[in-house]
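User: Hey, can you walk me through this one? I'm new to reading structures.
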Amino acid sequence: IYHFHQKNGFACMMLSDLFELVQFLFVVTFTTFLLCCVDYDVLFANRPLNHSHAGTAPDRAKVTLPDAVLPGPQCAQRIGASGWLLFLLVMAGAFWLWRLVKALCSLLGYWEIRSFYTTALNIPSEELCSHSWQEVQARLISLQRRQQMCVHKRELTELDIHHRILRFQNYTVAMVNKSLLPVRLRLPLLGPLVFLTQGLKYNLELLLFWGPGSLFQNKWSLRPQCKRASARHELARQLARAMVLLGVANLLLCPCVLVWQLLYAFFSYAEVIKREPGSLGARRWSLYGRHYLRHFNELNHELQARLSRGYKPATKYMNSFTSPLLTVLAKNIGFFAGSILAVLIALTVYDEDVLTVQHILTAVTLLGLVVTVARSFIPDEHTVWCPEQLLRRVLAHIHYMPDHWPGNASRAETRSEMAQLFQYKAVFILEELLSPILTPLILIFILPARALDIIDFFRNFTVEVAGVGDICSFAQLDVRNHGNPQVGGAG
Amino acid sequence: IYHFHQKNGFACMMLSDLFELVQFLFVVTFTTFLLCCVDYDVLFANRPLNHSHAGTAPDRAKVTLPDAVLPGPQCAQRIGASGWLLFLLVMAGAFWLWRLVKALCSLLGYWEIRSFYTTALNIPSEELCSHSWQEVQARLISLQRRQQMCVHKRELTELDIHHRILRFQNYTVAMVNKSLLPVRLRLPLLGPLVFLTQGLKYNLELLLFWGPGSLFQNKWSLRPQCKRASARHELARQLARAMVLLGVANLLLCPCVLVWQLLYAFFSYAEVIKREPGSLGARRWSLYGRHYLRHFNELNHELQARLSRGYKPATKYMNSFTSPLLTVLAKNIGFFAGSILAVLIALTVYDEDVLTVQHILTAVTLLGLVVTVARSFIPDEHTVWCPEQLLRRVLAHIHYMPDHWPGNASRAETRSEMAQLFQYKAVFILEELLSPILTPLILIFILPARALDIIDFFRNFTVEVAGVGDICSFAQLDVRNHGNPQVGGAG
Amino acid sequence: IYHFHQKNGFACMMLSDLFELVQFLFVVTFTTFLLCCVDYDVLFANRPLNHSHAGTAPDRAKVTLPDAVLPGPQCAQRIGASGWLLFLLVMAGAFWLWRLVKALCSLLGYWEIRSFYTTALNIPSEELCSHSWQEVQARLISLQRRQQMCVHKRELTELDIHHRILRFQNYTVAMVNKSLLPVRLRLPLLGPLVFLTQGLKYNLELLLFWGPGSLFQNKWSLRPQCKRASARHELARQLARAMVLLGVANLLLCPCVLVWQLLYAFFSYAEVIKREPGSLGARRWSLYGRHYLRHFNELNHELQARLSRGYKPATKYMNSFTSPLLTVLAKNIGFFAGSILAVLIALTVYDEDVLTVQHILTAVTLLGLVVTVARSFIPDEHTVWCPEQLLRRVLAHIHYMPDHWPGNASRAETRSEMAQLFQYKAVFILEELLSPILTPLILIFILPARALDIIDFFRNFTVEVAGVGDICSFAQLDVRNHGNPQVGGAG
């Protein structure tokens with residue numbers, strides 16, 4: 001919670017919570033409005049407009065925006081007529097109210113932390129941004145020495161703070177490294193695929209850490225029976241049942257979530273795609289990559305800074321690969337689309353009445369999109385090819401690589417493994433869209449089989465530290481020498 | 001004058017003078033034309049067009065451009081009808097004639113310098129560009145040794161040349177560094193603000209250096225009474241009176257200048273804003289920064305090269321700061337505008353008749369602008385934050401910083417002080433637009449109070465050098481060890 | 001042939017051959033369609049449309065795309081009516097059939113090479129991309145040791161392979177360096193000009209290397225009479241006659257080729273010019289530069305990698321030059337076009353009916369183009385000028401420069417000589433367009449005079465190597481110490 005605060009400041013937290021609520025409201029209302037209250041016949045000029053003032057300008061009647069909007073009562077009637085829409089609206093309203101209550105609660109929490117900052121740590125909120133987390137941490141430790149904030153322990157070290165903040169993250173990182181989580185799927189046609197979305201992660205955390213019936217009884221200690229060897233089969237059965245139940249719940253909510261995801265993605269990305277389609281070809285560290293490359297006890301902002309430093313060489317490395325086959329295809333598709341586009345543009349420039357011919361503008365827009373996408377697959381003539389060097393520069397920042405990477409930087413396998421950590425933004429959006437469908441399937445069919453392994457993992461690798469609670473003991477983990485287990489590692 | 005020539009070459013000087021005159025003419029004529037000679041009712045299709053050939057195509061009459069232009073006599077009549085416009089036109093005509101005469105005079109001067117270059121210095125005009133100023137200077141000095149060009153002194157050194165070229169600039173730099181000029185304002189709401197525009201600078205130079213009644217009696221020596229201690233109060237009173245008079249003159253000319261500035265800014269920037277709104281977010285060294293960071297005796301092109309080298313790190317440094325609050329706001333405004341835009345674009349792509357609905361295109365354009373501006377405030381996810389290093393790289397080029405900067409590179413105060421030297425282009429344009437209003441106010445209300453200080457400054461820090469005239473003796477100035485007082489410093 | 005394969009892989013070769021054929025077909029068909037089958041009166045709304053369903057919406061009849069296309073029979077009739085078009089179509093058809101046959105033959109060749117790769121070299125085609133040429137070469141040599149592939153020689157060295165692959169390229173490079181080829185023209189008005197296009201190069205190769213009656217009797221040895229001193233005059237006469245004949249053939253084919261080049265250039269570049277006019281201002285290594293800078297025995301991909309490394313500094317070097325005169329012109333043209341554009345855009349944003357006024361959109365598009373082009377000539381305010389350093393960085397990669405370059409990097413002559421090697425893309429396109437006209441002229445009027453020199457060159461600088469055939473003996477060439485004559489040089 002301290003950490004969270006460090007990253008934002010009170011006003012920001014409040015604003016982003018507020019805006020999230022407003023966004024939800026906006027998306028729901030605007031979609032309803034578009035579905036029910038717009039007279040598309042008027043908008044598309046399929047139907048002549050019988051104005052009340054038709055007498056004045058019968059031959060060139062201007063269509064104004066209000067003409068295309070249906071009057072209120074007619075609109076309300078159309079909403080009422082469709083039962084499914086009404087159901088979704090009621091659902092959305094209920095969900096929104098629940099989030100409103102949650103937001104208000106967390107607001108109170110933020111306010112408390114804010115007053116803790118101003119009074120106990122002597123950091124007024126407007127100065128918060130210019131204090132780094134190191135400074136805040138140092139003040140915390142000295143405060144503990146003076147005032148004995150936590151009752152459990154006299155001295156609070158930096159390691160303790162990191163352990164408390166990152167308790168669950170450490171477990172997750174360890175599970176990803178031990179390949180305990182079902183993130184690597186083998187699809188029949190597409191080959192091995194790494195799938196880890198926000199939705200799946202949320203469900204897993206719900207199951208293991210803080211949901212009802214999870215392995216942790218409160219925020220800092222495992223339930224006692226997890227530590228007993230005798231109860232492991234019983235526990236695994238319980239966990240598997242919880243997984244299936246959660247999966248079914250996910251399945252039931254799936255349509256609502258899917259509709260929401262689709263709408264939100266459309267509103268967020270449609271305009272971007274039109275304006276700069278290239279941004280979808282940009283890459284980002286995948287959620288899987290973020291867990292895979294994370295050191296134990298590395299704070300979020302440290303990881304973020306480290307991966308950001310690695311972003312540029314990683315992009316260069318990935319872009320230095322080009323498929324000759326794809327290039328040939330892209331060049332030719334680009335040529336065909338471009339030549340039709342050239343003719344259309346030339347005609348338009350010569351006489352703009354061409355644009356009023358139906359679907360010409362549509363064709364121009366779509367062809368433009370095709371050309372841009374095709375052109376993005378054609379590598380620049382003058383690129384310099386040196387994958388080994390680039391990969392080495394990436395590794396200097398991401399700090400980890402499989403043993404078979406060095407020396408094989410130019411091989412396609414290395415690249416595709418890297419692509420699992422560093423995915424296209426388009427892939428990321430697609431994964432998030434598919435998440436509501438795939439998540440319940442994973443929860444019901446794949447995860448229960450691993451329940452026993454997970455229980456064993458928690459039993460074996462948990463250590464209790466005084467004043468901190470149960471933590472993931474990565475000292476015992478032999479996964480790989482993954483950063484120093486002391487404080488953070490990366491500076 | 002030599003220096004001026006070095007930077008351009010004769011043909012360029014002539015052309016840019018010519019084009020300035022043509023630009024003025026164009027702006028005035030085009031604006032008059034737009035105001036009086038265009039039939040907007042026809043252009044906006046509010047009024048059906050009764051063509052002479054209406055019989056041929058009554059249902060789909062094409063509007064051509066000449067239809068929207070009023071015939072000459074009607075146009076002239078409308079111009080004559082508005083007295084205010086007529087007055088402005090006459091003013092503009094007079095001003096233009098005055099500038100024409102001035103341009104012709106300076107043209108003669110250029111021609112003289114050109115023949116000096118070709119005959120005395122042996123540099124034909126087409127080779128001028130490939131000679132650096134150092135070479136020209138060396139030729140000048142050797143010529144002086146042979147031919148005794150200036151009568152005052154036998155030997156002409158590089159220092160002398162620099163002193164002659166930069167006489168007034170050195171005074172201005174010294175005054176800026178001693179904070180004698182009223183460039184730092186404390187506005188009631190906006191806090192401290194640095195305000196120095198071309199207009200204000202022009203007025204100050206008029207007052208102090210080369211206007212009638214200025215401190216300098218000719219281009220190279222102060223008026224004798226400036227040097228006498230007894231006359232200082234009398235002189236200060238005179239100067240203060242001149243300031244107020246100049247301020248009142250500015251106030252009277254303010255409307256004309258303001259209209260001109262607005263028109264010129266619109267014609268220059270409107271199209272840029274539409275095409276790439278990001279260019280307004282670019283930064284440039286402010287006029288204040290240019291004086292503040294200038295070494296004594298540093299030539300224009302040396303300063304320019306030095307600041308250009310510092311441009312890239314300075315931009316990076318300024319961009320590395322992001323306000324989290326602004327980011328949250330920008331993200332959400334971008335989302336709302338973007339989602340409406342997405343819907344409009346989708347509708348347009350589906351059927352282009354949507355565009356004929358009134359104000360849809362306006363909405364699309366404005367929303368696009370909003371989204372672009374909002375997006376420019378959202379920092380890139382993958383930026384690396386290292387302000388100290390960047391600031392050090394900036395300082396390597398700008399050569400000066402206040403004592404409290406190093407070590408505080410990440411503080412907001414450092415950034416805002418830097419922003420005074422390195423301002424947004426949008427701020428620059430705004431300042432220039434406000435200049436006609438603020439300049440007279442400063443001249444009347446703030447500057448007269450400092451008249452005595454200015455007189456004292458000139459009295460104390462002026463040295464007479466044989467063959468050069470009165471110069472600013474920065475050897476006596478203890479402002480800061482601001483570059484070496486020899487030749488230029490930066491190479 | 002081996003080398004060719006190394007660069008692509010079978011599927012790519014096949015696809016690009018296929019697409020070339022399809023492109024040709026597409027260009028021809030689409031142009032015919034545009035010329036004959038589109039009713040432009042309907043498209044430009046000059047003629048009201050008498051729909052069959054005119055009764056439904058008489059006042060706002062929507063024009064759809066099929067309305068503007070003429071029915072099939074009418075279309076065929078119009079094609080038949082124009083004899084010239086029919087002739088061109090028949091020519092194109094014949095040419096296409098000939099290329100189809102050629103493509104099929106080469107396809108068989110590729111298939112053979114592919115099976116050689118898979119069986120003899122053990123490289124399946126999907127792994128081809130991840131094998132570098134070095135690896136393939138090593139396998140080739142070891143295979144030769146085991147299986148005695150070539151009968152002429154027991155041991156095959158890397159040098160032999162390079163000689164066989166680059167036999168003709170080495171001759172061309174040597175001829176370019178000895179200025180034997182007529183690539184430097186002295187035009188009456190434009191001054192010295194370097195002209196070497198794909199078309200001219202193709203003709204030269206046809207003449208010298210693999211055409212009927214060329215100097216080489218087969219792919220690996222010169223005709224015996226070339227080596228005899230006595231026959232040189234006779235041979236030169238033959239060669240000159242062949243040149244004239246080829247030139248006349250070129251002249252006859254000129255209209256067809258010209259039409260094709262124009263169409264192809266329009267389809268390829270029109271859309272690019274509209275979308276990003278800046279790309280025409282990009283530079284590329286000219287064909288002449290590629291031959292001038294090539295080491296002997298340097299493989300294509302090595303040359304490409306070397307020039308690519310030099311691309312960035314070369315671009316920077318060329319861009320660091322700015323003509324002050326051009327800048328002044330560009331600024332003012334940009335201002336005038338921009339201000340008219342600003343007014344048009346402002347009107348459009350205010351009311352989109354302005355767009356329906358005829359030729360407004362045309363004006364907006366053209367003015368936008370003018371502004372963009374003008375703006376590309378205005379140098380950035382903040383560029384740093386250091387040509388010497390940049391030129392040195394270029395030379396580190398291109399490995400060769402005339403003796404008068406170093407120390408004169410800032411002179412205009414150095415720049416214009418560099419521009420011959422590193423030309424604008426626009427110049428490249430223009431040269432290719434002019435090629436069909438200029439090539440026959442060069443072949444008929446300039447080249448025959450040099451026939452004797454060329455014969456002498458071949459006679460003097462050819463060495464026979466066992467198992468390789470006749471090669472260009474650059475050991476005897478004193479042109480310049482142009483890389484090491486062993487294998488490649490650049491790695």
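User: How many salt bridges cross the interface of chain C and chain A?
Analyst: The rule finds 1 there, a salt bridge being a side-chain nitrogen of Lys or Arg within 4 Å of a carboxyl oxygen of Asp or Glu. Keep in mind this is a predicted model, where local features need pLDDT of at least 70, side-chain atom pairs count only at pLDDT 80 or more, and totals for chains, interfaces and linings use all residues. Residues are numbered from 1 along each chain as its sequence is written, chains are lettered from A in the order in which they are written, and side-chain values use heavy atoms, leaving out hydrogens and water.

User: Which side chains make that bridge?
Analyst: Arg375(A) and Glu271(C), at 3.5 Å from N to O.

User: And how much area is buried between chain C and chain A?
Analyst: About 4,100 Å², with carbon and sulfur atoms giving 66% of that. That's the accessible area (1.4 Å probe) the two parts lose on being put together, summed over both. The contact (heavy atoms within 4.5 Å) takes 50 residues from chain C and 41 residues from chain A.

User: Switching topic: where is Glu431(A)?
Analyst: In helix H18 of chain A, residues 425-446. Helices here are DSSP runs (H or I, at least four residues), numbered from the N terminus.

User: What does Glu431(A) touch, then?
Analyst: Leaving out residues up to four places away in sequence, it touches Val194(A), Phe195(A), Leu196(A), Thr197(A) and Gln423(A).

Notes
Helices (H or I, at least four residues) and strands (E, at least two) are DSSP runs, numbered from the N terminus.
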